[in-house]
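Subject: Handing over the structure, with notes

Dear colleague,

I am passing on the structure we spoke of, and below it you will find my notes on what turned up when I went through it. Please read them with the coordinates open beside you.

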Amino acid sequence: MSQNESPVKVETQGEIGLIGLNNPPVNALGAAVRQGLVDAIAQLTKDASVRVIAIYGEGRALSAGADIREFGKTPIEPSLPDVLNIVEASEKPVVAVVHGTTFGGGLELALASHARIGLPGGRVGLPEVTLGILPGAGGTQRLPRLIPLQNAIEIISTGRHLPISEAHELGILDRMGEGQPREAALAAAQAVLAGELKTRRTGEISVTPDSAMIDAALEKLRSRRPALEAPIKAVQAIGHAGKPIAEGLQAERALFMELMASPDRQGLIHAFNAERAVKHIPEAGAVPREIASAGVIGGGTMGVGIATALLTAGIPVTLVEMAQDRADAAKTAITRNLDGAVKRGKLSAEARDKAAAALTATTELESLAQVDLVIEAVFEDIGVKKEIFGKLDRICKAGAVLGTNTSYLDVNDIAAMTSRPQDVIGLHFFSPAHVMRLLEVVVGDKTAPEIVATAWALAARMKKVAVRSGVCDGFIGNRILAHYRKAADYMMLDGASFEQIDHALEDFGFAMGPFAVADLAGMDIGWATRKRKAPTRPPEERYVRIADRICEQGWFGRKTGKGYYLYDDPGNRTPNPDVVKIVESERAEQGIAPREFSDEDIVARYMTAMISEAARVVREGIAQRPVDVDAVFLFGYGFPRHRGGPLNYADQIGAMELVRRIEEYAKEDPHYWQVPALLRELAETGRSFADLNRE
Ligand code: 3H9
């Protein structure tokens, strides 16, 4: 017996009633699935021949959880908690088969069942806090009834994904099964019938959560910067697990609904969707070229990181440096990175050995003759890059992808040095390239669609988030950065201390403020860029010389021991008194009487500057959509994930308020603060960046 229309299949096999979820791609528990489950339980309860019910998922998982697309919309009955209560209340025993990536509501469905079987190879978890919510379908009440409180707190408050084997060891799953999910479901049901697999209602288990442990966990979460609400409320919900299940579920529901209404939830889900939205590019249909080997030119920080990332993705690398000792040093650095990946559990020792053996470090550019992909990562100098591309054109085989890791320079100019500009593309990695997830793919005027598609296939292999950018100075990210970074310098000159600016932005959620970032990244890079751009700087632009004066002392930040800050051994920072003096003398020279800035004002100016340039980048088509800008900042610039990216945050402020702010600031500096045309249009038409994402 089957129901073809429903995403929930019901069939009977003797005394066993089978419920199969079939809602591709991930069996999300949308309205139709929830109703299907309720109907299935009712039907099998009525069927007198059925003595046991088994639930499994077709395809990739039992279920990846609640349907995220329904969040923020009018709720549709039946709710997931109600459905799972029906499952738990079933008078016939219910067993669930957990396989694939079973997360959130999917795992909660299993927790509400009366026994759980795991299939090897998958992962489970309650990742709700990463979306700004908490497990709201019983997870916070049922998990602590099955496993030690400490583990429940850790799993729920981090949202960590556990291997299914670990879930079994912890007691989340009763036993491991084998075969396909449907077969495993039948086998589990038979085990129940034979009395070999015990079943019980999780909600009937009584526990007494240790309140001291709950309080300690809460204190730790509250001391975080930023102290996000979701993990705090999730742990508070766990604190109710000692109550009768119905009461605990009610408390969980109330906390869940509060989180549902929070801007953090909106921002985190936008960030989740952004990672997927950027995959939609005009070239998606083109056939990517095969990449079986790669060359990296340059053994500096970027070249080493890129080579590490390629090797980790299983792609053999030939790294080219100018001199053998530099090539050897790069090889040592790459080996160290690979060892680090093993230590962090990201790579097996076997994979590390394979990767290390697939690396060649040489001084011969000619050795790149047969590679499928070259990534040039030499010093940011257009002359040097042009020369290299001229040579690559002569050396590389036909069909090779020629990539440049430039972070500012004109990809079209570089491509023009070859007889095959259609094969040239910008592949802009972020430092450290083997860690940072962003890959800005810069599509030149002549870049062929299959080369763009190849970049996306490569990013997928390297587990990176590729974002498509057009050509302009700095592309999406660095162009916007170059603009808003000035706002921080202006505030410093006008009276805010760099320490206050960093603190205000760190409280907003950035991992590090802009001055601490400058110290970490090395101030010499920005100095070189400013010198390069000096001839084209408009005379009416305010120019802050503080960073130049610091660099003139030979202080480039952490790598030279000092920059804006002085650092002690564990890396704690204190403002460099010599820099404070430089700031004061600059103010005096320019006749500026320092004024006070509140932390809110600092964040408002900094973010308004960022949003302004981002709006221009979208209007000019450099970024395809606002969400592409968001992804760049989320995955490459440490933008606070719970804010969802600069243009998602812009919508939370509203275009009208942003225009008002810019007009206000423009009274001080009309050159810097100009209302972008796109922002004005949105303000006048009452539209948002989210509306543009939907177009
Ligand atoms: C929850 O359960 C709340 C409850 O506690 C309480 C409720 C009351 N819904 O990632 P992929 C889509 S909260 C809707 O590219 P992968 C995804 O957008 C939920 N859609 O594949 C994409 O669509 P498109 C807790 C979803 O193999 C497509 O499926 N669960 C959902 O790299 C393929 O996804 C989570 O947080 C969903 N829940 O990774 C799990 N999940 O093709 C979230 C995925 O149009 N999901 N889609 O771009 C994941 O972590 C990954 O998607 C997963 C697969 C690991 C499952």
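Asn-27 sits in the loop that connects strand S2 to helix H1, and in this predicted model its phi is near 55°, a positive value in a residue that is not glycine. With a relative accessibility of 3%, Asn-27 counts as buried, because the limit for that class is under 20%.

Lys-463, which is not a glycine either, has a positive phi of about 55°, and it lies in the loop between helix H17 (449-461) and strand S17 (465-469). Is Lys-463 buried or exposed? Its relative accessibility is 66%, so Lys-463 counts as exposed, whereas Asn-27 counts as buried. As for the peptide bonds, Ser-431 and Pro-432 are joined by a cis bond with omega of about -5°, and Pro-432 belongs to the loop between strand S15 (424-429) and strand S16 (438-442).

I then turned to the packing of helices around H5. Helix H5 (residues 149-158) packs with helix H9 (residues 229-238) at an angle of about 150°, their axes being 9 Å apart, and H5 is therefore roughly antiparallel to H9. The crossing in which H5 passes H9 is right-handed. On the side of H5 the contact is made by Leu-149, Ala-152, Ile-153, Ile-156 and Ser-157, and on the side of H9 by Pro-231, Ala-234, Val-235 and Ile-238; by class, these residues divide into eight nonpolar, one polar and no charged.

H5 also packs with H8, here at an angle of about 25° and with the axes 11 Å apart, which means that H5 is roughly parallel to H8. H5 passes H8, too, in a right-handed crossing. Which residues of H5 and H8 meet? From H5 they are Leu-149, Gln-150, Ile-153 and Ser-157, and from H8 they are Met-213, Ile-214, Ala-217 and Leu-221, and the residues of this contact divide into six nonpolar, two polar and no charged.

H9 is itself mostly covered, with eight of its ten residues buried. The buried residues of H9 are Ala-230, Pro-231, Ile-232, Lys-233, Ala-234, Val-235, Ala-237 and Ile-238, a list in which you will notice Lys-233. The helices against which the buried residues of H9 pack are helix H4 (139-146), H5, H8 and helix H10 (245-260).

Two single residues are also on my list. Arg-200 is placed in the loop between helix H7 (181-193) and helix H8 (211-222), and its relative accessibility of 47% makes it count as partly exposed. Once neighbours within four places in sequence are left aside, Arg-200 is in contact with Ser-113, His-114, Leu-146 and Ile-205. From Arg-200 to Ile-315 there are 115 residues in sequence and 50 Å in space, C-alpha to C-alpha.

Asp-494 is part of helix H18 (residues 475-494) and is buried, with a relative accessible area of 11%. Apart from residues up to four places away in sequence, Asp-494 touches Arg-542, Ile-592, Ala-593, Pro-594, Arg-595 and Phe-597.

An unreviewed UniProt entry carries the annotation "domain: 3-hydroxyacyl-CoA dehydrogenase C-terminal" for residues 474-567 and 602-687. Over residues 474-567 the chain is 61% helix and 3% strand, and the C-alpha atoms at the ends are 30 Å apart. Over residues 602-687 the chain is 67% helix and 0% strand, with the end C-alpha atoms 26 Å apart.

With best wishes

Definitions and conventions: Residues are numbered from 1 along each chain as its sequence is written. This is a predicted model: local features need pLDDT of at least 70, side-chain atom pairs count only at pLDDT 80 or more; totals for chains, interfaces and linings use all residues. Side-chain values use heavy atoms; hydrogens and water are left out. Axes are lines fitted to C-alpha atoms, for helices over the stretch in contact, and angles run from 0 to 180 degrees between N-to-C directions. Helices (H or I, at least four residues) and strands (E, at least two) are DSSP runs, numbered from the N terminus. Angles under 35 degrees count as roughly parallel, over 145 as roughly antiparallel, 65 to 115 as roughly perpendicular and the rest as oblique. A crossing is left-handed if the near helix is turned anticlockwise from the far one by less than a right angle, and right-handed if clockwise. Contact means heavy atoms within 4.5 Å. Ala, Val, Leu, Ile, Met, Phe, Trp, Tyr, Cys and Pro count as nonpolar, Asp, Glu, Lys and Arg as charged, and the others, Gly among them, as polar. Buried means under 20% relative accessible area, exposed over 50%, partly exposed in between (1.4 Å probe, protein chains only). UniProt positions are given in the numbering used here, feature names are shortened, and annotations may be inferred rather than shown by experiment.
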